[in-house]
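Dear colleague,

Please find below the structure that I am handing over to you. My findings follow it, from the overall fold to two individual residues.

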Amino acid sequence: MTRHYNFCAGPAALPAPVLERARDELLDYQGRGLSVMEMSHRSPEFVAIAKQAEADLRELLAVPDDYRVLFLQGGASLQFSMVPMNLLGNGGSANFLYTGIWGKKALAEAKKLGFATHLAGSSEASRHTEAPQRADIELAADAAYLHYTANETIGGLEFDYVPGDEEGGLHRDDGKVVPLVCDLSSSILSGPLDVSKFGVIYAGAQKNIGPAGLTLVLVRDDLLDRRCERIPGLFEYRAMAEAGSMINTPPTFAWYLAGLVFQWLKRDIGGLEAMDAINSRKAAKLYAAIDGSGLFSNPIALRNRSRMNVPFVLADERLDKPFLAEAEEAGLLNLKGHRSVGGMRASLYNAVPEAAVDALIDFMADFEKRRG
Ligand SMILES: *Cc1c(COP(=O)(O)O)cnc(C)c1O
């Protein structure tokens with residue numbers, strides 16, 4: 001068996017020790033005589049798995065006690081609708097920072113539901129190569145929350161700061177604190193995070209958490225009672241929090257695998273500080289190789305270069321196809337850029353080992369020597 005290096009943007013690489021453990025436990029989970037997939041979500045065995053996963057996540061991110069942790073379905077994209085439905089019941093507008101494709105989709109969904117929206121900041125003038133600075137953010141007078149995308153997975157633009165100016169949010173002109181809502185799908189768990197700076201955090205699992213089918217939401221207690229009246233029951237943060245994310249059948253196997261990833265981060269990696277250092281090293285190496293080459297380039301402002309998703313283009317587009325074909329031949333998978341932007345993209349999530357980045361850099365240098 002050979003496991004190639006997988007640079008896919010999502011569903012993404014999973015840590016080999018996690019897959020091995022899942023394999024070992026697949027048919028007979030810890031002597032219970034059945035698979036986790038076949039268990040009742042209400043069984044003591046699964047409830048223990050679910051609780052342990054939440055406890056480990058809380059420990060990794062040092063989640064304060066006044067935040068609920070929800071394990072939901074629907075992907076990050078469903079949060080584009082669930083966030084406004086849960087937070088705009090008392091009126092006010094949804095405010096957005098627009099730094100790429102995902103943030104744009106979030107804004108469009110809120111608008112489609114008929115909510116008032118306001119663009120509070122944008123990187124459009126720089127063609128999404130540089131994030132707005134704190135001083136450029138202009139909230140609406142009736143802002144109910146500010147939504148932003150910490151790391152734009154497609155464009156490869158990552159905020160270098162949390163755009164809040166105090167615990168949980170930003171000040172509006174009238175002095176009210178506007179909670180910060182963050183789509184952290186592609187950078188959660190890549191390093192330590194001060195959760196107290198946010199009102200709501202959400203992330204689809206398939207990048208840094210686990211397999212597809214699970215969505216993680218962290219929501220501060222005081223935001224649980226701002227929902228709209230006609231919200232579907234399954235979309236209500238409060239109802240989900242009170243039911244332990246089990247109003248209906250949750251994605252049990254994905255939840256279990258996420259739990260194994262949290263344990264891997266704690267035990268094998270040594271926590272998020274250690275993960276942070278590894279991720280910085282991986283990204284720094286690859287950007288240095290790109291910047292030092294005459295064939296490859298990346299347009300993002302230095303302060304906003306994503307550590308998780310590194311897009312790059314070749315000076316001659318005609319080399320794209322041979323580059324991808326030869327990369328695959330060399331066991332370097334999924335380097336093709338998003339269909340909306342083209343070029344290449346190497347996603348360097350937690351489970352992508354440093355050796356994968358080294359192999360990619362060697363391949364790129366060799367390719368440039370032969371074809372550049
Ligand atoms: C992948 C991604 C999404 C979409 O996630 P789904 O789970 O497929 O809905 C949204 N936002 C960001 C930042 C992403 O990286």
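Strands are here DSSP runs of E of at least two residues, and they are numbered from the N terminus. Under that definition, Asn151 belongs to strand β6, which covers residues 151–152. Please bear in mind throughout that this is a predicted model.

Overall architecture

The protein contains nine helices and 15 strands. Its radius of gyration is 21 Å, close to the 21 Å that the globule rule gives for 372 residues, so the protein is as compact as a globular protein of that length. The C-alpha trace spans about 65 × 60 × 35 Å along the principal axes. Buried residues make up 54% of the 372. Of the contacts between residues at least 6 apart in sequence, 69% join residues at least 24 apart.

Asn151

Is Asn151 buried or exposed? Its relative accessible area is 2%, under the 20% cut-off, and Asn151 is therefore counted as buried. The side chain of Asn151 makes a polar contact of 2.9 Å with the side chain of Ser186. Glu130 is 21 residues from Asn151 along the chain, and the C-alpha atoms of the two are separated by 12 Å.

Arg220

The second residue that I examined is Arg220, which is found in strand β11, residues 215–220. Arg220 has a relative accessible area of 14%; this value is under 20%, so Arg220 is likewise classed as buried. Which side chain is joined to that of Arg220 by a polar contact of 2.6 Å? The partner is Asp222. Leaving aside neighbours within four places in sequence, Arg220 is in contact with Asp66 and Tyr67, with Gly168 and Pro179, and with Phe198 and Gly199.

In summary, Asn151 is a buried residue with a side-chain polar contact to Ser186, and Arg220 is a buried residue with a side-chain polar contact to Asp222.

With kind regards

Technical notes. Residues are numbered from 1 along each chain as its sequence is written. This is a predicted model: local features need pLDDT of at least 70, side-chain atom pairs count only at pLDDT 80 or more; totals for chains, interfaces and linings use all residues. Side-chain values use heavy atoms; hydrogens and water are left out. Helices (H or I, at least four residues) and strands (E, at least two) are DSSP runs, numbered from the N terminus. The radius of gyration is taken over C-alpha atoms; the globule rule is 2.2 Å times the number of residues to the power 0.38. Buried means under 20% relative accessible area, exposed over 50%, partly exposed in between (1.4 Å probe, protein chains only). Contact means heavy atoms within 4.5 Å. A polar contact is a pair of N or O atoms within 3.5 Å; within protein, one must be able to donate a hydrogen and the other to accept it, and residues adjacent in sequence count only if both atoms are side-chain atoms.
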